[in-house]
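This report goes through a protein model and its ligand. It takes up aromatic rings, then the ligand site, then the backbone.

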Amino acid sequence: MQNMYSSIGVSEKVWQFGEKIIAELAPRFAMIDENAEYNQLKVIAAMQKNRVSAACFNSSSGYGYDDLGRDTLERVYADTFRTEDALVRQQITCGTHALAVALAGNLRPGDELLSPVGRPYDTLEEIIGIRPSPGSLAEYGVTYRQVDLLPDGSFDYENIKKAINEKTRLVTIQRSKGYQSRPSFSVKLIGELIAFIRSIKPEVVIMVDNCYGEFTERIEPSEVGADMIVGSLIKNPGGGLAPTGGYIAGTKECVERAAYRLTSPGLGREVGASIDVNRSFFQGFFLAPVVTAAALKGAILAANIYERLGYAVIPDGRESRHDIIQAVTLNTPEALIAFCKGIQAGAPVDSYVDPEPGDMPGYDSQVIMAAGAFVQGSSIELSADGPLRPPYNVYFQGGLTWPSAKLGILMSLQKMVEAGIVSPDRLTAD
Ligand SMILES: *Cc1c(COP(=O)(O)O)cnc(C)c1O
């Protein structure tokens, strides 16, 4: 095995350091495999119940009326996520778009949107109009209010209560930390927040940005009171096979409103041909629990490796997991770049290219991204990215298989050693 790693560019010291840490992680990895087993059965049960057949893998064309595959897939999502309904479409271009559709579909002029969990994901700032953008909710007369988390990362219940008013129509809760250093929330904790909000205003619509969270636990936020959960198919639920797409799962009313926004008033979910995606959407969703487990193991390995080397990591090496993102505070731009070069070098695709920082639409600082993916930009595949701003956090995620996730992390360490950022002596100490 060690020869194999040497031949692919991982030194003996780096490999042995990794092996020692992996051996200690065996009990946690066993628990992750059990969760994957549970969620795998959930998905299979939903596929069986909805009589998924070979005919579901065909495409429709034109308007896409009576698209059996698309409509069955939406039932499978709804049953798996325990919702009344779901919209799962290739016409939803990404997670940001899914969130924009869910929000715009369910808010009206004069309504107020509340985030009780602090600043939302970067790209939502333009949807909401926190950063002015043509077509934002602000331009349509939807106001926004935000309650920051307390310094320890917990909910500020007192100020959340004060922020809820007669205009508050929709509450958005982001499960994953995204590009922040706060904790990601467990579904249980999200359930407590939802119960609190409902105790003040029962009729408010609650949406959870579920990006990166799907299948990391045995239940989803839709099972603890969320009216809508929203995500991207090039993250967890696409299982690495979905080439594009997004989903909105929730109550009939919320999903319907979103559908009228996605296509057109009057048409809603009836149109939208599935062109060559049904098989990969089904098969990807089928694989998603196991793929998510591989990504979780990779994240835990990265946390434990870099924690051992003295870097701040969120979550830490022992914490329970509620998404597949691992943040490592690398302190310098050089370390951030070396880390990303390693992830790129460990990939099956485009391993020969060198990632460089650049401007990205929707982000307000330069970003470096490493991804050697079968699907462009897919972050259920091994990928790392980080904004070029202090404290130079890298956000690592994905890995379609555990061995490939492991290779990527070992390669990141290898590049840090080669760049003189981590001394090889550190790998043998302890
Ligand atoms: C990825 C992500 C988004 C946006 O998804 P894109 O597919 O990149 O547009 C939104 N919220 C969170 C928490 C995310 O992780």
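## Aromatic pairs

Across the whole structure, a search finds 17 aromatic pairs. The model is a predicted one. A pair of aromatic rings is described by the distance of the centres and the angle of the planes. For Phe-29 and Trp-402, the ring centres are 5.2 Å apart and the planes stand at 75°, so this pair counts as edge-to-face; the cut-off for that class is an angle over 60 degrees.

The pair links distant parts of the chain. Phe-29 belongs to helix α3 (residues 26–49), while Trp-402 belongs to helix α12 (residues 402–418). The two residues are 373 residues apart.

## The ligand site

The ligand takes up the space of the largest pocket. Around the ligand are Cys-94, Gly-95, Thr-96, Leu-99, Tyr-121, Gln-174, Asp-209, Cys-211, Tyr-212, Ser-232 and Lys-235. By class, this shell consists of 5 nonpolar, 4 polar and 2 charged residues. Helix α5 (residues 95–106) gives the largest share of the shell, with 3 residues.

Asp-209 faces another element: an N or O atom in the side chain of Asp-209 is 2.6 Å from a nitrogen atom of the ligand. On its own, the ligand has 380 Å² of accessible area, and the protein covers 91% of that area.

## Backbone details

Most residues other than glycine have a negative phi, and most peptide bonds are trans. Some places in this model depart from that pattern, as described below.

The peptide bond from Ile-314 to Pro-315 is cis, and its omega is near -5°. Pro-315 is found in the loop between β8 (312–314) and β9 (326–329). Pro-390 and Pro-391 are also joined by a cis peptide bond, with omega about 5°. The loop that holds Pro-391 runs between β11 (383–387) and β12 (393–397).

The other case concerns phi. Arg-51, a residue other than glycine, has a positive phi near 55°. Arg-51 is placed in the loop between α3 and α4 (68–80).

Notes:
Residues are numbered from 1 along each chain as its sequence is written. This is a predicted model: local features need pLDDT of at least 70, side-chain atom pairs count only at pLDDT 80 or more; totals for chains, interfaces and linings use all residues. Side-chain values use heavy atoms; hydrogens and water are left out. A residue is near a molecule or strand if one of its heavy atoms lies within 4 Å of it. A polar contact is a pair of N or O atoms within 3.5 Å; within protein, one must be able to donate a hydrogen and the other to accept it, and residues adjacent in sequence count only if both atoms are side-chain atoms. Accessible areas come from the Shrake-Rupley method with a 1.4 Å probe; for residues, only the protein chains shown count as cover. On a 1 Å grid over the protein atoms alone, a cavity is a set of points where a 1.4 Å probe fits but cannot get out, and a pocket is an open set with protein on both sides within 12 Å along at least five of seven lines; lining residues have an atom within 4 Å of a point. A molecule sits in a cavity or pocket if more than half of its atoms lie within 2 Å of its grid points. Helices (H or I, at least four residues) and strands (E, at least two) are DSSP runs, numbered from the N terminus. Ala, Val, Leu, Ile, Met, Phe, Trp, Tyr, Cys and Pro count as nonpolar, Asp, Glu, Lys and Arg as charged, and the others, Gly among them, as polar. Rings of Phe, Tyr and Trp (its six-membered ring) pair if their centres lie within 6.5 Å; planes under 30 degrees apart count as stacked, over 60 as edge-to-face and the rest as tilted.
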